[in-house]
Amino acid sequence: MTERSFAKEVRDLELGAGEVFRGEGILAITKALLQSGVGYVGGYQGAPISHLMDVLSDAQGTLAKLGVQFSASASEASAAASLAASVMYPIRGAVTFKSTVGTNVASDALANLASSGVKGGAVIIVGEDYGEGSSIMQERSHAFAMKSQIWLLDPRPNLESIVKAVEESFELSEASNTPVMLEVRIRACHVHGSFVAKDNKPPPFTLKQALENPSRDSDRIVLPPASFVHEKEKIRLRWPAAVSFIKERKLNEFFFGDLNEVGIIMQGGMYNGVMRALQRLGLADVWGATRIPLYCMNVTYPLIDDEIADFCAGKQAVLIVEEGQPEYIEQSINTILRRRDLNTKIFGKDVLPMAGEYTANVLLEGLRAFLTVNLPSSLSDQARAPNKLQIDDDPHVKTLAGAVPPRPPGFCIGCPERPIFAAMKLVENELGPHHVAADIGCHLFSILPPFNIGTTTMGYGLGPASAAAFNVESDKKPISIIGDGGFWHNGLTSSIGNAVYNKQDGVILIVDNYYSSATGGQDLLSSRANNNSRSTQHPIAKAVEGIGATWVRQIDNTYDVTKIRDTLREALITKSPGPKVIVASSECMLNKQRRVKPAFHKAVKGGVRMVRERFGVDEDICTGDHACIRLSGCPSLSVKRTDDPLKDDPVAVVDNSCVGCGNCGEVADAAVLCPSFYRADIIYNPTSFDRFVGQLRSAVIGFLQRRRARRGIAFT
Amino acid sequence: MAMGGQGGGVLVDWIVALCESQQWAAQSTSVPGVAQRTGATVYFIETLPLPQDVPPGVRPVLSLMAVPGEVDVVIGAELMEAGRAIQRGLVTPDRTTLIASSHRSYAVIEKQVPGDGIGDAEAVYAAANVSARRFIAFDMAEIAEKSGSVISAALFGALAAAGALPFPRQAYETVISTSGVSIEPSLRAFALGFAGATDAMGAPKRVASKPKHFLSLLPIGHAGYDLLIDQARRKFPAAVHDMIGSGLQRVVDFQDLAYGAEYLDLLAGMLALDTEAKGHVLTVTAAKYIAVAMAYDDVFRVAELKTRGSRFDRLRAEIGVTPDQLVYTTEFMHPRLDEVLGSLPAKIGKIFEQWPALVRRLDKFVNRGRRLNTSKLGGFLVLYILAGLKRFRRVTLRHSIELEHRNKWLALVKASAEVDYELAVEVLATRRLVKGYSDTHSRGQSKFERVMSAVKRLTGRPDAADWVRRLREAALRDEDGVALSGALKTIDSFLYPGSSAEV
């Protein structure tokens, strides 16, 4: 079950011609796929494209009606490989994943696909995870397009342009027998806007037809000599076909302006940012009118030499707005102009930063610098030398640096991964620090306070593989971590199989929370719930044993900190050879609450006896040393200043958002912390028996309490 | 600016729907991704009125990110998030209305500090006052809770009241009513948010921090206790009365009247070192920390606090149990042999201490988590009986250890007071480092000892008191005493220049 329900969005997917679609960019893309007559869709979830996968997953009914096949692929490689269906058959296919991590994983299949060429339109939608909000290393997808010769579209970030780009991608792909990559940045994926919908189109040629009439052509298979032919064909046939399609269909856009001495060439995705910078310089308005001519490349690969030359001809200088590095486009444009002996000066990474996101202020400064040199008359005095914002220098504002705490993402309330790292911390206290190879997933939050555990991440599912070199005699074994998501993505072979085969002497901790949680709670092979459209409930421990691991411990309750600590300790000191695999399983709390909470409230409303657990702290007993927080970091375990004049430091407090996961009690117990924690079991709708026993108990207890109170001193 | 899980997305959807309902163009973006997992996240909305004469199909080109210096309204769903917006330059005096909930949701790095790591809320108010055109702050988390809704609805109400958008209140309420889910609670929170913002318009509100509640040094109608009170009132100057009121009650409650008399005697010793010229700071500090030291946290104390009738009532209120619900509480105890031995008579306990191997073996039987249900008879009785045993506390091993520590500490206070009044005050206040249970307690104790040993080396220097204060602050900064070690090294570097003495 995914994090969000997409019931409303599924309805939006069925909008017909003329109706207005309102929503997020990524959902507009989903609708555009259906309008394009796509035959199959695959992909691997991950921000910023998770919602595309989630909404399709919820839209099985709509897809079935249309005859569109949808796979939740095991990895980006699986997704990209599925595009093979478009090599021999005139079927449109699309896959999606986050980039560049997903494109890295998919690149083997993508390279083969690009070599074979396609008959049906093959589109790869990549969520360009660059800049603020990104969770991965910062790279460009552009390089992948260039190296495999896949056309790259980077449309203007509004819903109409994006939807149009999806439709054109398929056509371009078919016209040039080349796969097309459509790049959308994080903000564009989440931008809220609208476009006028068209009817959905069932695929004209179906997968069923293909299967029943198989066709093959050895010239399309990547093997010599065909592969050498492909390489030449890319340049001789496919490239020119693409160029003429892009020109004829005017995929790139020219915006005219009266200040013809200069111009700006930009990636489509940069358009809104550039326009805002021009507005701030007084050279454009909010309705799209600009005084500086613009060439907006909705296709950033291949470059259209003629269009670029035409745009630059007669101009004194041109600014290239290209986010990220290296500056592939700028280099190519320099080559194009040199070949044609055009002497327009090229500005780009000299006035704009080479690396990092092109934010509003970065673009403003870059444009200002460009125009100050090349057309100072276009700038008003104020635009050329604006008053610096005084407010940044105000001492009160500067003081904030010490007062406002950083708030990185962390484990949710009641997260089942928290106790695992609390246990690791306890083992660390006993046996000293170990080398810990981390992996991708929510569990990577362990690197942050309060746990501060983990040294490296080398990619999804590669945690244990990244500890492979440490397979040497030592008193301390390396610990590596991998989540269930990474495990099924490729970790079973790349990490576990690798460790078994190489007799890797180390501890592998598999964090199993029943979902691919970091990407939005999608199901996996080992998910425990019944999923009508997928096959689940395949235990990780069984897979690990199946691949040959012998020291395997399955822990079915991660909240049992003592047990995890003891198992981890045992794994670290045992003489048993090969990998020591611990599978620690408990359900992702975010997903569990989404399932359990409504049911609980409904039952309570219906008068059913229900018990809710939550934790609390006895304020009198807490001494305010916060050792419990250093083993938790749970959002619901906080601190508060007390009115007790004898206490200096704030005491711990559990707020009402506590879901009673048990970590507090377990940690207080396993770490021998302090007795201030209590668990309250609150009985809703108690039965008459409950009440009777309760009254009996409180009568006796109350009697004893009053008796003691009478003998003591009654302070008022 | 919000934290993941606060429902920022809902508020954004409402604002967009509101603008569109008033024939404005609106575009929102966000960078949620994994930052949604409890981290700080930013949403951005750009909106403008659509003029009548715009040809159909022409749409505004809106930005996908906020431009510093050009933001009209910034909404912080938590106080520090408002501070973060100011830091990012999004709040400027010429145009920004800053709306913030004044409540705090502490970040991990604030909570994990062994001392008080809470960020300075006043810094945000000070910065907001200079950077925002208008600053509206009040506690919207409270409103959300009161109305059974989420903070987004209260923020939406505050936005309406702020009048930064030229839309009538009715338009906002219509958006909520047509949104479909939990309409009633949302409208309640909206109304309270609207009223709250109207109220806070001129003067941003703060979440009042509870002032320290001193117990008065007045008779309570118990002959024995009132005698002590009377004594204290006569012996000690008025400046100390408040602290003694609290300290005396704590100590008597911990043990008995005789223990209270002992407390007053110790304090009298401190008063003898004190002078009115210094405002009796030494005695006030002593009244606080001697009480803390005397009322140490042992098995009997915990058992007593856990079994009191008043605790049962407080707990029901704290967790919000309604009268028709039953509640059972499970206590998480983890006694080690140390605690058991500490509760034995000192003589017997000391014998055990000479047999470490035996202690280790016995510890295996004792040292494990024990869960006691104090609302059931079995669990309650165990702790009730334990609490009753406190009358034998004075002969226990733990008490003799505490007594020894206390005497050493107070001897050092006296010695310091003779040469340096301020230093003596700081030595008293360093007792703050000793807290927690088991390992945490030992760590605190060892930090305390390290500072105490530095006191001896620093005595005689004019800046001695200042340094002891700095050492204490350093000790409270992290668990393992890294900052403390650093500070001690600095001290040694000027006490013993040239040598590389390690502490």
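User: What ipTM and pTM does the predictor give the complex?

Analyst: This is a predicted model, and the predictor assigns the complex an ipTM of 0.94 and a pTM of 0.95. In chain B the average pLDDT is 92, and 97% of the residues score at least 70.

User: How many helices and strands are there in chain B, and what radius of gyration does chain B have?

Analyst: Chain B holds 23 helices and nine strands. Its radius of gyration is 30 Å, whereas a compact globule of 503 residues would have one near 23 Å. The C-alpha trace of chain B spans about 95 × 65 × 50 Å along its principal axes. Of the 503 residues of chain B, 49% count as buried. Among contacts in chain B between residues at least 6 apart in sequence, 69% join residues at least 24 apart.

User: In what order do the strands of the open sheet of six strands in chain A lie?

Analyst: The general idea is that strands of a sheet pair through backbone hydrogen bonds, in either a parallel or an antiparallel sense. In chain A, the open sheet of six strands has the order β16-β15-β17-β18-β20-β19, and its pairing is parallel. Strands β16 (456-457) and β19 (551-555) of chain A have a single partner strand each, so they stand at the edges, and one side of each is left without a neighbour in the sheet.

User: How many bridges join β17 to β18 of chain A, and which helix lies across β17 and β18?

Analyst: Five bridges join β17 (residues 479-483) to β18 (residues 507-512) of chain A, and these strands run parallel. Within this pairing, A:Ile482 stands opposite A:Ile510 in β18(A). Helix α20 (residues 484-501) of chain A lies across β17 and β18, at about 145° to β17(A). Helix α22 (residues 561-573) of chain A also packs on the sheet, where it touches β18, β19 and β20 (580-585). The direction of α22 makes about 170° with that of β20(A).

User: Which strands form the open sheet of three strands in chain B, and which helices lie across β5 and β6?

Analyst: The strands of this open sheet follow the order β5-β6-β7 (chain B), with parallel pairing. Its edge strands are β5 (73-76) and β7 (134-138), each of which pairs on one side only. Direction ignored, neighbouring strands of this sheet are turned by 10° against each other on average. Four bridges join β5(B) to β6 (residues 97-101) of chain B, and B:Val74 has B:Leu98 as its bridge partner in β6(B). Helix α2 (residues 79-87) of chain B lies across β5 and β6, running at about 145° to β5(B). Helix α6 (residues 151-162) of chain B lies across β5, β6 and β7, running at about 150° to β6(B).

User: How many residues does the contact take from chain A and from chain B, and which strands of chain A and chain B pair?

Analyst: Chain A contributes 98 residues to the contact and chain B 111 residues. On the side of chain A that touches chain B, helix α26 (residues 688-711) gives the most, with 10 residues. The residues of that side divide into 52 nonpolar, 25 polar and 21 charged. Strand β24 (residues 677-684) of chain A pairs with strand β8 (residues 326-333) of chain B in the antiparallel sense, over six bridges. In that pairing, A:Asp681 has B:Tyr328 as its bridge partner in β8(B).

Conventions: Residues are numbered from 1 along each chain as its sequence is written. Chains are lettered from A and ligands numbered from 1 in the order in which they are written. This is a predicted model: local features need pLDDT of at least 70, side-chain atom pairs count only at pLDDT 80 or more; totals for chains, interfaces and linings use all residues. Two strands pair if DSSP finds at least two bridges between them. Helices (H or I, at least four residues) and strands (E, at least two) are DSSP runs, numbered from the N terminus. Two residues are in contact if their C-beta atoms, placed from the backbone, lie within 7 Å. Axes are lines fitted to C-alpha atoms, for helices over the stretch in contact, and angles run from 0 to 180 degrees between N-to-C directions. The radius of gyration is taken over C-alpha atoms; the globule rule is 2.2 Å times the number of residues to the power 0.38. A residue is buried if 20 or more other C-beta atoms lie within 10 Å of its own, exposed if 12 or fewer, and partly exposed in between; C-beta atoms are placed from the backbone. Ala, Val, Leu, Ile, Met, Phe, Trp, Tyr, Cys and Pro count as nonpolar, Asp, Glu, Lys and Arg as charged, and the others, Gly among them, as polar. pLDDT is the predictor's confidence in each residue, from 0 to 100.
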